[in-house]
Amino acid sequence: MYLTSEEELVLKGGFGAGAQQAMELLVAIGEAFDAKRMIPINRAHAASSGQEGDLYFVEMLAKGGATCKIKTTTNPISDFEYFQKIINLADEHEEASVAWKTKNYYKRIGAVMSLSCIPYLAENIPEFGEHVAFSESSATPYVNSVLGALTNRESIQTALAAGVIGKTPMYGLHLKQNRRGTVLVKVDADLKDGYTYSLLGLYLGKKIGNSIPVLVGISNRPTIDQYINLCAMMNTSGAIPMFHLPGFTPEAATVDQAFGGDSYQDKITVTDRELDETNEGLQTATGHIETVILGCPHYNLDQMSQLAGLLSGKKVRRDVSFWVNTSATTKLLAERSGYVETIEQSGAHVVVDTCIDMFCWNNLKGKTGMTDSPKCAYYRRFGPVKVGKMEECVAASVE
Ligand code: F3S
């Protein structure tokens, strides 16, 4: 891979050990994928997790004197203090300490502590045609498809390294020819809400792996949460880095453009039957639920408003613990709009900065849970699970 003289200098350690380690990683990835050169970027999103591998890498870079050269936002890490206030987490100190150290190293390296998995809605919004380095399941397809920016399917470490260097190797989805659709997906199903979009994403990820689908048959523009759910699931059950929805997503106005004038490699049809079967395959619990977790990915403002409407004037049963995950930015707006008060008056808790894949939920182990997110069900810290729409989660948990 061609490197400029400045890039060579970084690689030789001329800008410190931390920047050198970041550059070594980017060059290794670039060479593995036959990148011709590096490309400058202005933003990155590291899907930080607050777990050992994450701590290892950010600590190494920070101790080597690295700092983020460009805006680099962070995923949820934990909100240990909040949980300590309301439940007993006394035996969780080791994981808490890993999470705290990780957070502090991200701060030290100059990352933006957004601690959210939907940064592309508020804290870090790429423009159409902009090259970026975004990790996180919903973020990569959302940024590529809905916003029309260009990112590879990054890891925490490659996104952080790109944030430190301000560059990423130019390969994969940074090249126009690799952004063409490969599979035509005829959607002949009733996509009525965010949950059915989750099911569609889940089905597609399993069915077509890492292909790029071109969706036809969807006549209404998806809402933001429908797009987010589709993206999160197609890049969790599979590794779909982007999709085209001609007429709505910005990169290709027609099906022909979406395939770049080529013919597709495969064609599938998705009907209500496939979505119903996908839904049935998620259910591992029956009967009484003990906990509800919403907000995976983090709820946006529209979802907070919808949830407040559903919980208004109702009480969550005493034997059910009800949790709503969101970002700090969304919570602030939801507080100002009165949604948080309404949600909390019902007995539900609104939490920020954390995610279901974190130690602070370990107290739910073995409990029967319900969620509107197949991804949450996959990462669940609780036991058997029911998965359904937001209104079904509310109906199952109120008196
Ligand atoms: Fe976000 Fe964690 Fe779910 S990062 S998408 S809340 S598993």
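Biologist: Is Glu136 buried or exposed, and what is its relative accessible area?

Modeller: Buried means under 20% relative accessible area, exposed over 50%, and partly exposed in between, with a 1.4 Å probe and protein chains only. Glu136 has a relative accessible area of 14%, so Glu136 is buried. Note that this is a predicted model, in which local features need pLDDT of at least 70, side-chain atom pairs count only at pLDDT 80 or more, and totals for chains, interfaces and linings use all residues. Residues are numbered from 1 along each chain as its sequence is written, and side-chain values use heavy atoms, with hydrogens and water left out.

Biologist: Where is Glu136 found?

Modeller: Helices (H or I, at least four residues) and strands (E, at least two) are DSSP runs, numbered from the N terminus. Glu136 is in the loop between S4 and helix H6 (139-146). Its phi is positive, about 105 degrees, although Glu136 is not a glycine.

Biologist: What is the phi of Leu115, and where does Leu115 lie?

Modeller: Leu115 is not a glycine, yet has a positive phi of about 50 degrees. Leu115 lies in the loop between helix H5 (93-108) and strand S4 (133-134). Leu115 counts as buried because its relative accessibility is 5%.

Biologist: Which residues does a cis peptide bond join?

Modeller: Cys296 and Pro297, with omega at about -5 degrees. Pro297 lies in strand S9 (residues 291-299).

Biologist: How do I read the sides of a helix?

Modeller: An α-helix has 3.6 residues a turn, so residues three or four places apart point the same way. Take helix H12 (residues 301-311), where Gln303, Met304, Leu307, Ala308 and Leu311 are buried. They cover an arc of only 140 degrees around the axis, which puts them on the same side of H12; the arc is that of the directions from the helix axis to the C-beta atoms. Asp302 and Gly309, on the other side of H12, are exposed.

Biologist: What radius of gyration does the chain have, and what would a compact globule have?

Modeller: The radius of gyration is taken over C-alpha atoms, and the globule rule is 2.2 Å times the number of residues to the power 0.38. For 399 residues a compact globule would be near 21 Å, and the chain has 21 Å, which agrees. Buried residues make up 58% of the 399 residues.

Biologist: What share of the contacts joins residues 24 or more positions apart?

Modeller: Contact means heavy atoms within 4.5 Å. Of the contacts in the chain with a separation of 6 or more, 78% are between residues 24 or more positions apart.
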